[in-house]
Amino acid sequence: MPGTADQRLLDTRGPSDWVHQDPWRVLRIQSEFVEGFGALAELGPAVSVFGSARTPEDSPEYEIGRRIGRGLAEAGFAVITGGGPGAMEAANRGASESGGVSVGLGIELPFEQGLNEYVDIGVNFRYFFVRKTMFVKYAQGFLVLPGGLGTLDELFEALTLVQTRKVTRFPIVLFGTEYWSGLVDWLTDTVIAQGKASTKDGELFRLTDDVDEAIALVTKP
Ligand SMILES: C/C(=C\CNc1ncnc2c1ncn2[C@@H]1O[C@H](COP(=O)(O)O)[C@@H](O)[C@H]1O)CO
C-alpha cells in the first residue's frame, strides 16, 4: 500500500470483521487487566466478600453482610465485592456507611444491572476470568456468605488456588454453618473419604456463625 502509515490509518476504513475476532479480543482482555490493575494497585489491605445476588434487603442475611462490611472497614480493610445486588450490596453498604473503602468489580451480564449505589471504587469487566484475578490479587482473604452458583464458583476458585499453592496465606471463611454444612459434609464424607481430595484440603477453609470471628479469621496474617 502506498503512502505513510498515518495516511493509511486516516484515509482508509476497510472491513471491520476483525473487531469480533480473537486477536482483537486479546487486546480488550489486556486492557481489562490494565484497567483493573490501575484502579486497585494502591488499594491497601482488602477482603473479598462473596454471596448471593438474590439476598433480599430486608433479610437477616443482608444485615449480616452489612455488619461484615462495617466490621471489615473498622478493622482497616477495604471490602471488594462483585458490585451487584443482595449480599454484595450489603457488604459494600456496611463498608461505605462506616467510612471504609468499598470496591465493586462489576461484570457485564446479558441483563444489565449496574453497580450498586454503595460502591465507591467501581470497575466493570467483560470477562469473568479477568475479574476473578482482581478478587484474588487485591485481597488478603475471602469471606463467603450464603450464595448460589456464582458464589460457589468463586469459593472453589479460591480453594483450588490455595490447594495448589498458587496463593499462600489466604484465609477462606464460610459464614453460616446451617447453609454450608451440607456442602462441608459432602466434601468430608464423599470427596475426601473417597480420596478425591486430601484430609488437609478439609482445613483450607473455616466455618463460623459469628461476625467478629469471621472478621478475625479472614484478616489474620
Ligand atoms: C441475578 C441478579 C443479578 C446478577 N448481578 C450480578 N452482579 C455482579 N456480580 C454477580 C451478579 N450475579 C452473580 N455475581 C457474582 O457471583 C456471585 C453471586 O452469584 P450467586 O449465584 O447469586 O451466588 C457474586 O459474588 C458475584 O461476584 C439479580 O437477581
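Helix H2 (residues 22–40) and helix H5 (residues 128–137) have axes that come within 10 Å and cross at roughly 25°. This is a predicted model, in which local features need pLDDT of at least 70, side-chain atom pairs count only at pLDDT 80 or more, and totals for chains, interfaces and linings use all residues. Residues are numbered from 1 along each chain as its sequence is written, and side-chain values use heavy atoms, with hydrogens and water left out.

**Helix pairs**

Helices (H or I, at least four residues) and strands (E, at least two) are DSSP runs, numbered from the N terminus. Axes are lines fitted to C-alpha atoms, for helices over the stretch in contact, and angles run from 0 to 180 degrees between N-to-C directions. H2 and H5 are therefore roughly parallel to each other. Angles under 35 degrees count as roughly parallel, over 145 as roughly antiparallel, 65 to 115 as roughly perpendicular and the rest as oblique. H2 passes H5 in a right-handed crossing. A crossing is right-handed if the near helix is turned clockwise from the far one by less than a right angle, and left-handed if anticlockwise.

On the H2 side, the contact (heavy atoms within 4.5 Å) is made by Ile29, Glu32, Phe33, Gly36, Phe37 and Leu40. H5 brings Phe129, Val130, Thr133, Met134 and Lys137. Ala, Val, Leu, Ile, Met, Phe, Trp, Tyr, Cys and Pro count as nonpolar, Asp, Glu, Lys and Arg as charged, and the others, Gly among them, as polar.

A second pair is helix H6 (residues 149–163) and helix H7 (residues 177–192), with axes within 14 Å that cross at roughly 45°. That makes H6 oblique to H7. H6 passes H7 in a right-handed crossing too. Thr151, Leu152, Leu155 and Phe156 in H6 meet Trp180, Leu183 and Leu187 in H7.

The table gives the residue classes of both contacts.

| H2 with H5 | seven residues | two residues | two residues |

Seven strands form an open sheet in the order E4-E3-E2-E1-E5-E6-E7, with parallel pairing. Two strands pair if DSSP finds at least two bridges between them. Strand E4 (121–125) and strand E7 (206–208) stand at the edges with a single partner strand each, so one side of each has no neighbour in the sheet. Neighbouring strands are turned by 20° against each other on average, direction ignored.

Strand E1 (residues 46–50) and strand E2 (residues 78–81) run parallel and are joined by three bridges. Valine 47 has valine 79 in E2 as its bridge partner. Serine 48 has isoleucine 80. Ala78 and Ile80 point one way from E2, Val79 and Thr81 the other way, and all are buried (under 20% relative accessible area; exposed is over 50%, partly exposed in between, with a 1.4 Å probe and protein chains only).

Helix H3 (residues 60–74) lies across E1, E2, strand E5 (141–144) and strand E6 (172–175), running at about 175° to E1. Helix H4 (residues 87–97) packs on the sheet and touches E1, E2 and strand E3 (102–107). The direction of H4 makes about 160° with that of E2.

**Valine 211**

Valine 211 is in helix H8 (residues 211–219). Valine 211 is buried, with a relative accessible area of 6%. Beyond its neighbours within four places in sequence, valine 211 is in contact with Ile64, Arg67, Ile68 and Phe175. The C-alpha atoms of valine 211 and phenylalanine 175 are separated by 8.1 Å, at 36 residues apart along the chain.
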